[in-house]
Amino acid sequence: MTRVRIGALFAVTAIVFAACGGATTSSAPASVAPPASTGASTAPSVEPSAAGTPKEGGTLVVAIPGDLNRTDPALIDDANSSYVLQQVFEGLVTLKPGSGSEIVGQL
């Protein structure tokens, strides 16, 4: 029984150390990643695009538990569609934070 507890303690400790260890790879795109400092470089540096500049096209990736039923904001009737459409569209009015009946402008 004591060996099982010591083994479980060792396994938990190893998992905690593995989870808390720093990642050595970067998930940033190559155009945003900082340049490597390898001394003098003869290649011209590429400046990243200005922050906040809209990018045409692309794909909206959302992690939700199911599919979207409709994409028309006037006809949605499920939580998944509502969540996605709230991220895409902005309404003219909304409820004041902390209030259930006071309407304020949103735009």
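Let's start with leucine 68. At 37% relative accessibility, leucine 68 counts as partly exposed; that class sits between buried, under 20% relative accessible area, and exposed, over 50%, using a 1.4 Å probe and protein chains only. Leucine 68 is in the loop between H1 and H2. Helices here are DSSP runs of H or I with at least four residues, strands are runs of E with at least two, and both are numbered from the N terminus.

A word on what we are looking at. This is a predicted model, where local features need pLDDT of at least 70, side-chain atom pairs count only at pLDDT 80 or more, and totals for chains, interfaces and linings use all residues. Residues are numbered from 1 along each chain as its sequence is written, and side-chain values use heavy atoms, with hydrogens and water left out.

Back to leucine 68. Setting aside residues up to four places away in sequence, leucine 68 touches Asn80, Ser81 and Val84. Contact means heavy atoms within 4.5 Å. Leucine 68 and leucine 85 are 17 residues apart in sequence, and their C-alpha atoms are 9.8 Å apart in space.

Take serine 81. Serine 81 is in helix H2, residues 79-88. Serine 81 is buried, because its relative accessible area is 1%. Beyond residues up to four places away, serine 81 touches Leu68, Asn69, Arg70 and Ile76. A polar atom of the serine 81 side chain lies 3.1 Å from the backbone nitrogen of asparagine 69.

At 17% relative accessibility, asparagine 80 counts as buried. Neighbours within four places aside, asparagine 80 is in contact with Ile64, Pro65, Gly66, Asp67 and Leu68. Pick glycine 66 from that list. Glycine 66 is in the loop between H1 and H2. Glycine 66 is partly exposed, at 26% relative accessibility. From glycine 66 to asparagine 80 is 14 residues in sequence and 6.7 Å in space, C-alpha to C-alpha.

What about the overall layout? The protein has 2 helices and 2 strands. Along the sequence, the pattern is α-α-β-β. Buried residues make up 5% of the 107 residues. Of contacts between residues at least 6 apart in sequence, 4% join residues at least 24 apart. The protein exposes about 9,800 Å², and carbon and sulfur atoms supply 60% of that area. Accessible areas come from the Shrake-Rupley method with a 1.4 Å probe; for residues, only the protein chains shown count as cover.

Next, the surface. Leu60, Val62, Tyr83, Val88 and Phe89 make a nonpolar patch of about 460 Å². Patches are made of residues with over 30% relative accessible area and no salt bridge; like charges are joined within 9 Å, and nonpolar side chains (Val, Leu, Ile, Met, Phe, Trp, Tyr) within 5 Å. Two members, briefly. Leucine 60 lies in the loop between helix H1, residues 2-20, and H2. Leucine 60 is exposed, with a relative accessible area of 55%. Phenylalanine 89 is in the loop between H2 and strand S1, residues 93-95. Phenylalanine 89 is partly exposed, at 46%. Residues up to four places away aside, phenylalanine 89 touches Thr71 and Pro73. Phenylalanine 89 and proline 73 are 16 residues apart in sequence, and 8.4 Å apart from C-alpha to C-alpha.

Last, the charges. How many salt bridges does a search of the whole structure find? The search finds 2. A salt bridge is a side-chain nitrogen of Lys or Arg within 4 Å of a carboxyl oxygen of Asp or Glu. One joins the side chains of aspartate 77 and arginine 70, at 3.0 Å, N to O. Aspartate 77 is exposed, at 55% relative accessible area, whereas arginine 70 is partly exposed, at 37%. Another joins lysine 96 and glutamate 102, at 3.9 Å, N to O. Lysine 96 is partly exposed, at 37%, and glutamate 102 is partly exposed too, at 39%.

Terms used
Polar contact = N/O pair within 3.5 Å; in protein donor to acceptor, adjacent residues only side chain to side chain.
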